[in-house]
Amino acid sequence: MNGVRKRLSDMSFRMINVFKDPKPLKFYKGTVVKLENDSSYQRVFDKTKYIEFAGVIIDIKPQELAILYDSDMSDIQGYSKLYTYQDLNYELKDRISIADLVYFEIFSIDSSIGYFTLVLKEFIWTN
């Protein structure tokens, strides 16, 4: 069990370093537009239009969990969670980024405990 404790300790040390040097997050609100060709709707985003806000993202990758083979957590899929107090009218599929390097899509939203907990799915934003 010492290996599991050391691995969790290393992961928490990296998280503490993130808190020491926080970077603002960017929130991208999608605009729904109607397509003229087939009368369907599409959500459109503009990388130049965003709102900076404060929050904490906890990121756990499947590789990290696989190393903890004896912790009974290796079958969990990777995910990210964002915790924030800022109410920016979050909706599913809206986007969030960290320093224009990592982009996430909002997968689920929970505000039942006094602050927002958003589950995020990482993706590559090519346009």
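Student: How many aromatic pairs does the count come to?

Tutor: Start with the general idea. A pair of aromatic rings is described by the distance of the centres and the angle of the planes. Rings of Phe, Tyr and Trp (its six-membered ring) pair if their centres lie within 6.5 Å; planes under 30 degrees apart are stacked, over 60 edge-to-face, and the rest tilted. By this rule, there are 12 aromatic pairs here. Keep in mind that this is a predicted model, where local features need pLDDT of at least 70 and side-chain atom pairs pLDDT 80 or more, while totals for chains, interfaces and linings use all residues. Residues are numbered from 1 along each chain as its sequence is written, and side-chain values use heavy atoms, leaving out hydrogens and water.

Student: What kind of aromatic pair do F45 and W125 form?

Tutor: Check the angle. The planes of F45 and W125 stand at 80°, with 6.1 Å centre to centre, and the pair is edge-to-face.

Student: Are F45 and W125 buried or exposed?

Tutor: Buried means under 20% relative accessible area, exposed over 50%, and partly exposed in between (1.4 Å probe, protein chains only). Both F45 and W125 are buried.

Student: Why is the pair of Y103 and F123 called tilted?

Tutor: Their planes meet at 50° and their ring centres are 6.5 Å apart, so this pair is tilted. Y103 is in strand β8 (residues 102-110) and F123 in strand β9, 20 residues apart, so the pair links distant parts of the chain. Y103 is buried, at 8% relative accessibility. F123 is partly exposed, at 21%.

Student: Which residues do ring pairs link into a cluster?

Tutor: Y28, F45, Y50, Y103, F123 and W125.

Student: Where does K26 lie relative to Y50?

Tutor: A charge sits over a ring if NZ of Lys or CZ of Arg is within 6 Å of the ring centre and within 35 degrees of the ring normal. K26 lies over the face of Y50, at 4.3 Å from the ring centre. R95 has its charged end over the ring of W125, 4.6 Å from the centre.

Student: Is K26 buried or exposed?

Tutor: K26 is buried, at 10% relative accessible area. This lysine belongs to strand β1 (residues 25-28).

Student: What does the side chain of K26 make a polar contact with?

Tutor: A polar contact is a pair of N or O atoms within 3.5 Å; within protein, one must be able to donate a hydrogen and the other to accept it, and residues adjacent in sequence count only if both atoms are side-chain atoms. For K26, the partner is the side chain of D100, at 2.9 Å. Beyond four places in sequence, K26 touches Y50, I51, E52, F53, R95, I96, S97 and D100.

Student: Which residues in the largest nonpolar core touch the most other members?

Tutor: In soluble globular proteins, nonpolar side chains tend to be buried together. A nonpolar core is a set of buried Ala, Val, Leu, Ile, Met, Phe, Trp, Tyr and Cys residues joined through side-chain atoms within 4.5 Å. The largest one here has 13 residues, and F53, L82, Y90, I96, L118 and L120 touch the most other members. β1, β8 and β9 each give two or more residues to this core. β9 gives the most, with 3 residues.

Student: Which residues is L118 in contact with, leaving aside neighbours within four places in sequence?

Tutor: S80, K81, L82, T84, Y90, I96, I106, S108 and I109. Now look at T117, in strand β9. T117 is buried, at 11% relative accessibility.

Student: How many helices and strands does the chain have?

Tutor: The chain has 2 helices and 9 strands. From the N terminus, they run α-β-β-β-β-β-α-β-β-β-β. Of the 127 residues, 27% are buried.

Definitions and conventions:
Helix = DSSP H or I, 4+ residues; strand = E, 2+ residues; numbered from the N terminus. Contact = heavy atoms within 4.5 Å.
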